[in-house]
Amino acid sequence: MGNFLKKQLLIMCLSACAILLFSGCSKSNETIATFKGGTLTVQDFYDNPKVKSNNQTLLKKMIVFKAFDDVYGKEISSKEVTKEYNEQIKKLGPNYKEQLKAVGQTEETYKKLFKQMLAFQYGLKANVKLTDKDLDTAWKEFYPEVSTQIILFSTKEEADKAKKEANEGENFSKLVQAYGKNKTLKETDGKMNFDSTNPEIPTEVKKAAFKLKNGEVSDIIPVTDPTTYQQSYYLVKMVKKQDKGSNKDKYKSELEKIATEAKTLDTEFMDKTIRKVMKKDNVTIKDPYVKNIFK
């Protein structure tokens, strides 16, 4: 999952957490919306979502998540859910259970939200139909695999020191061992091969790397984590790069991946797909006070 899309989905997921927290205060069984898979009542949401636009926005997201889960949830394996869940709680830290409890969640309900998040992502991709124009745009953005060495720093001060030493000719592998905070990268002397479709490498790092010539070291690259908003710093040395040439067919799968990612981030496409999925799930808004939230 791309970093930007993951950030947006996690925001939606956490918004749903807030909805579920509020829903515990409800005293009404009034039906807001019906689905093939069940109903959504005021008790599932909040005593009064009708007077605050932000609550209606949260309600809208909750309905969208449930509709996608109804239609595409069967395509999501428990293994996928557990993987995403574990990645997130790792970022929350050792007291993640207390943090979940603070927003009215348990491990079980939080995993359910991640399943809905993955179903939403799956549903968007399932509705993508690529055109030649989409692939041409992807070709302009695509860069083939490069060989690099990367250092991930804990602080800007350490990055500054390493950059200074690199400029003075210090062996880059030694700098990886002296300053790198990523254990896996240190074990390989920072060696990392990637192309422009690699989701594990931050976009900022990829863009900086592709501008380098063989043997060059980048400036310090600040990167903000899209989910925790914590900042880290990178240095990249270009070991070997290649020209992509003019044969698009050689990179067909990579181009389709780029074009699909771009399409799922398109607001018009997303809105059209949401409406299509809601229609398929026979979503009907029953509460007259929120009947126009999708208009």
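Trainee: How many residues has helix 13, and what distance does it reach from its first C-alpha to its last?

Mentor: Helices are DSSP runs of H or I with at least four residues, numbered from the N terminus. The expected span is 1.5 Å times one less than the number of residues. Helix 13 (residues 267-280) has 14 residues and reaches 20 Å, close to the 20 Å expected. This is a predicted model, in which local features need pLDDT of at least 70, side-chain atom pairs count only at pLDDT 80 or more, and totals for chains, interfaces and linings use all residues. Residues are numbered from 1 along each chain as its sequence is written, and side-chain values use heavy atoms, with hydrogens and water left out.

Trainee: Which residues of helix 13 are buried?

Mentor: Buried means under 20% relative accessible area, and exposed over 50% (1.4 Å probe, protein chains only). The buried residues of helix 13 are F269, T273, I274, V277 and M278. They cover an arc of only 160 degrees around the axis, so they lie on the same side of helix 13; the arc is that of the directions from the helix axis to the C-beta atoms. The face turned away from this buried side carries the exposed residues E268, K272 and K279.

Trainee: What strand order does the open sheet of 3 strands have?

Mentor: Strands of a sheet pair through backbone hydrogen bonds, either parallel or antiparallel. Strands are DSSP runs of E with at least two residues, and two strands pair if DSSP finds at least two bridges between them. Here the order is 2-1-7, with antiparallel pairing. Strand 2 (38-41) and strand 7 (284-285) are the edge strands, each pairing on one side only. Strand 1 (residues 31-35) is joined to strand 7 by 2 bridges; T34 has T284 in strand 7 as its bridge partner.
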